[in-house]
Amino acid sequence: MRPIALLTDFGHADHYVGVLHAVLEREAPGVPRIDLGHGVEPGDIWGACFQLRCAWPHLPTECVVMAVIDPGVGTERRAVAVTVGTRSLVVPDNGLASAVSGATTVRVLDWRSMELEEPSRTFHARDLFAPAAARLARGVDGLDIGNEIEVASLQPCPLPEPVPTSSGLEGVIMHVDHFGNLVTNVRGSETEPSVTATWRAGRTSRRVGTYGEAKPEEVVLLEGSAGFLELAVNCGSAADTTGLQRGDRVVFSDGEG
Amino acid sequence: MRPIALLTDFGHADHYVGVLHAVLEREAPGVPRIDLGHGVEPGDIWGACFQLRCAWPHLPTECVVMAVIDPGVGTERRAVAVTVGTRSLVVPDNGLASAVSGATTVRVLDWRSMELEEPSRTFHARDLFAPAAARLARGVDGLDIGNEIEVASLQPCPLPEPVPTSSGLEGVIMHVDHFGNLVTNVRGSETEPSVTATWRAGRTSRRVGTYGEAKPEEVVLLEGSAGFLELAVNCGSAADTTGLQRGDRVVFSDGEG
Amino acid sequence: MRPIALLTDFGHADHYVGVLHAVLEREAPGVPRIDLGHGVEPGDIWGACFQLRCAWPHLPTECVVMAVIDPGVGTERRAVAVTVGTRSLVVPDNGLASAVSGATTVRVLDWRSMELEEPSRTFHARDLFAPAAARLARGVDGLDIGNEIEVASLQPCPLPEPVPTSSGLEGVIMHVDHFGNLVTNVRGSETEPSVTATWRAGRTSRRVGTYGEAKPEEVVLLEGSAGFLELAVNCGSAADTTGLQRGDRVVFSDGEG
């Protein structure tokens, strides 16, 4: 049985995530289930895209990923199952599917084809996405999930790309993590080792290899675990130290230039 | 092996939930484990009853549910295993077992019958409920769990029922969820489609089908995922917008009347 | 397959814990995975040691425990796999391994021996510890993990031990839990049943058997679930009531003395 990974904005206060696990276990007994996370802010498609993109390379080869951040639940937005290499992605079509590249086929989830009860209008994660993910995990043929549509018709991913400038790259802070690290959209591989980051007039950070190389309270620049450059404070919070937030601008330039 | 679902008020800061999973895996290796949730407020039996009632219809058919919100741990309150249809419910007898209907047999958990060490006086979830749930998951005969008692002797569920009035139904807010939705104890199926909710003098909400039908910042009424009517704000928090809290009164009346 | 238990300070806001589960499932398909907890404060080795020590006796016999609180990630600190009885412990060598007693062998994790890609410098949990834990769970011989070193060379555990005084024992508060209970480092078995705790000039608590024996708002002393004496308020928070914090001093003396 293919494992199923879950990403939602449902949080941990309610029974919502538990019900998803219950439906998956009911529909695919014994399926390995992985919580990618449920701490995305309510309705935050950007944040979910970022987490999905970072986690993607590390998932089991044949994983079924169910990512449900769905402010449009019950409206006309489509629910889709996307094949990406050997993995499947089951999502509302609101940009999530475009967070990773390489989609080869897309099907619109159809509760009638899956012989499901008519879904509620407020909890498609339970009534539509989880049953679809369970069928994919069990190896049910894609045809029974719903009709195929064009890959090119998927909604685009909202994540901004870095912008080249005369002196380097202009990026933005994409994610503030649990440790207060400020993760940008610029990859370490896109820059020189001598790159510096200017994150406010006159405030610049030097690049280091890991957190432990920073001086106390120094805001340093390093390549984080997903390959993106991030601002960090060793044993502290760069978010607290700098006051920077998601969406704020960071300018990267070659320190030797 | 029957899957085991867990509901507690233990939160996520400590090792308490992890220890329950460890005991279940130790006592029933390979058993599928489902976290229904651990975000119930400390000692909040009402909240746990509500979450249990909402999740119940979606659980695997033969699920063993262990729900431990147990302010009376170590006192004279009984610990019980309740058979409800094809499922089992392992709980302190403080109202939790009565959150769902259809109990057919009740046994008092007996550590001597189960050949357990004498439980601590402060963590029966680990020392009594989890070993009992593991035995039920493995298919151990109920006789070995403890002696049978009358179903009618179970403590009643504290959840209030709606009260009929001359103009409709008077309900209360039962749960404020992660999204700020205000879930009442009135079922959509108990009301007309034209029902309106008055939640404060002069403040009334119209019924819609799903969140996306609301105007910006409008407090609307809709049937939520468990069948209960709820007040909601699309892409916002009805709790923040209205200031309403659990226990507050909402009056439902037929808008066409 | 041996089950794997996880303890980290990664929290629940990001995808970090989810990626660990993904790697474990990828490297050891179907392995039972247990979240011991991810709520340890960032970089808090003391707190992690305490939670590990409390959970340890309840883990499955052959459990592989991966505990990663790793402020020194990417620096010269060693990453080790420790055999403790029939269990294995995979940790950075920063005191975590010494939180439990009985280590018999220690190996330094070596990514080359395990034929892994060179780890990132910021996420060894994903790139080094999880692959090592998966190998141990699958039963790979320890030799392939890395070279053996002396048990005595492990960093010491930072948890303080109680200090005997002329009138009894002086302890400290080791942990403030989700319920506001103040757990000390003094075991119930080290004291007389008539012991009292003085936690501030003139403020003394009597010993009871369980929470329900306390009077309303009374701060009582009882033996908690890990065997340590704790200050507690029934249906309330001893932390809020007393203002005490981790590291604060509590003096235990025989009440009959």
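**View 1. The salt bridge between chain A and chain B.** Between chain A and chain B of this predicted model, the count is one salt bridge. Its partners are Arg121(A) and Glu213(B), whose closest N and O atoms are 2.8 Å apart. Polar contacts between chain A and chain B are also present, the count being 14 residue pairs, with both residues of each pair at pLDDT 80 or more.

**View 2. The side of chain A that touches chain B.** On this side of the contact, helix 1 of chain A, which spans residues 16-27, gives the most, with eight residues. Sorted by class, the side of chain A that touches chain B has ten nonpolar residues, eight polar residues and seven charged residues.

**View 3. The extent of the contact between chain A and chain B.** The contact draws 25 residues from chain A and 33 residues from chain B. Between them, the two chains bury about 2,300 Å², and 58% of this area is on carbon and sulfur atoms. Within chain A, the residues that lose the most area to chain B are Asp14(A), His15(A) and Thr122(A), which together account for 24% of what that side buries.

**View 4. Chain A and chain C superposed.** Chain C is superposed on chain A by a rotation of 120° with 0.0 Å of shift along its axis, and the RMSD of this superposition is 0.0 Å. That is the relation of a three-fold axis.

**View 5. The backbone at Cys235(A).** In chain A, Cys235(A) lies in the loop that runs between strand 14 (228-233) and helix 4 (238-242). The phi angle of Cys235(A) is near 55°, which is a positive value in a residue other than glycine. With a relative accessible area of 71%, Cys235(A) is exposed, because a residue counts as exposed when this value is over 50%.

**View 6. The backbone at Glu217(B).** In chain B, Glu217(B) has its place in the loop between strand 12 (203-205) and strand 13 (219-223). Glu217(B), a residue other than glycine, likewise has a positive phi, with a value near 70°. The relative accessible area of Glu217(B) is 67%, so this residue is exposed.

Methods
Residues numbered from 1 in each chain as written. Chains lettered and ligands numbered in written order. Predicted model: local features only at pLDDT ≥ 70, side-chain atom pairs only at ≥ 80, totals over all residues. Heavy atoms only, no water. Helix = DSSP H or I, 4+ residues; strand = E, 2+ residues; numbered from the N terminus. Buried < 20%, exposed > 50% of the residue type's maximum accessible area, 1.4 Å probe, protein only. Contact = heavy atoms within 4.5 Å. Buried area = accessible area lost by both parts, 1.4 Å probe. Salt bridge = Lys/Arg side-chain N within 4 Å of Asp/Glu carboxyl O. Polar contact = N/O pair within 3.5 Å; in protein donor to acceptor, adjacent residues only side chain to side chain. Nonpolar A, V, L, I, M, F, W, Y, C, P; charged D, E, K, R; others polar. Least-squares fit on C-alpha atoms with pLDDT ≥ 70 in both.
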